[in-house]
Amino acid sequence: PALTPPPPPPPPGAPAATGPVPAPPLAPASPDDATGPREEDGRPKRFAYPPQLVVVDGGQPQVAAAQRALDELGIHDIAVCGLAKRLEEVWLPDDDDPVVLPRSSEGLYLLQRIRDEAHRFAITYQRAKRAKRIRSSPLDDVSGLGETRKQALIKHFGSVKKLRQATIDQICEVPGIGRRTAESVAAALAATAPAAPAVNTATGEIIEEDDGDSS
């Protein structure tokens with residue numbers, strides 16, 4: 001942020017000031033400044049500059065849905081287009097026919113790169129999220145349940161998802177698991193909501209998972 005100019009020096013013959021000299025106050029930050037207002041998580045409250053184009057991965061239905069979402073938000077100054085993967089056609093809102101760009105078009109190449117980078121980012125995020133779920137388990141919060149008995153439970157039922165559906169008596173059937181431990185396991189699983197399913201970003205299909213624990 002900008003600083004206010006320092007005070008002028010005292011006139012000749014005036015007594016010198018004693019004590020520490022206060023620092024000049026900071027000028028108020030501009031809303032458009034890089035140090036302007038921010039959200040609670042530290043993000044700026046607004047774009048440094050607004051986007052000019054939203055590229056949708058899909059054809060006419062997906063573009064229409066994106067346009068409706070922007071309209072509902074009162075955003076009318078951002079263009080929308082979609083890139084349909086099968087024939088690499090460019091769709092615009094309210095158009096019945098796509099725009100077919102030449103395969104050698106630099107514009108088409110740019111849209112393809114944007115689409116592919118969005119896929120790469122989303123898939124990498126989903127893989128990292130899935131790997132984190134595999135490494136962690138609701139059973140980690142059960143007091144007194146060591147790794148050996150934890151693995152015995154997973155081996156017996158096949159997954160945390162199936163263990164969550166088991167009764168206390170069924171959990172007690174696992175060697176080394178007493179009733180008190182079984183009750184603690186059931187309570188811990190009941191207090192932990194199942195993880196949200198992963199989504200294939202290319203097709204939109206839900207990927208079936210076993211709560212991330214199968215070993």
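Mentor: Asp-94 lies in the loop between S3 and helix H2 (106-135), where helices (H or I, at least four residues) and strands (E, at least two) are DSSP runs numbered from the N terminus. Before we go on, note that this is a predicted model, in which local features need pLDDT of at least 70 and side-chain atom pairs count only at pLDDT 80 or more, while totals for chains, interfaces and linings use all residues. Residues are numbered from 1 along each chain as its sequence is written, and side-chain values use heavy atoms, with hydrogens and water left out.

The phi of Asp-94 is near 70 degrees, a positive value in a residue other than glycine. Most residues other than glycine have a negative phi. Asp-94 has a relative accessibility of 79% and therefore counts as exposed; the scale here is buried under 20% relative accessible area, exposed over 50% and partly exposed in between, with a 1.4 Å probe and protein chains only.

Glu-88, however, is buried, at 10% relative accessible area.

Step along to Glu-89 and you are in strand S3. Glu-89 is buried because its relative accessible area is 17%. Leaving out residues up to four places away in sequence, Glu-89 touches Gly-82, Leu-83, Ala-84, Pro-98 and Val-99, where contact means heavy atoms within 4.5 Å. Glu-89 and Gly-59 are 30 residues apart in sequence, yet their C-alpha atoms are 7.8 Å apart.

Now for the wider chain. The protein has six helices and five strands, arranged along the sequence as β-α-β-β-α-α-α-α-α-β-β. Of its 215 residues, 24% are buried. Among contacts with a separation of 6 or more, 51% are between residues 24 or more positions apart.

What holds the nonpolar side chains together? The largest nonpolar core has 16 residues, and Leu-139, Leu-153, Leu-163, Ile-171 and Val-185 touch the most other members; such a core is a set of buried Ala, Val, Leu, Ile, Met, Phe, Trp, Tyr and Cys residues joined through side-chain atoms within 4.5 Å. H3, helix H4 (160-164) and helix H6 (179-190) each supply at least two of its residues, with the largest share, four residues, coming from H6. A second, separate core of seven residues includes Val-63, Ala-66, Leu-70 and Ala-84.

One more stop, in helix H3 (residues 147-157). Lys-150 is placed in this helix and counts as buried at 12% relative accessibility. Its side chain is joined to that of Asp-140 by a polar contact of 2.5 Å, a polar contact being a pair of N or O atoms within 3.5 Å; within protein, one must be able to donate a hydrogen and the other to accept it, and residues adjacent in sequence count only if both atoms are side-chain atoms. Apart from residues up to four places away in sequence, Lys-150 touches Leu-139, Asp-140 and Leu-145.
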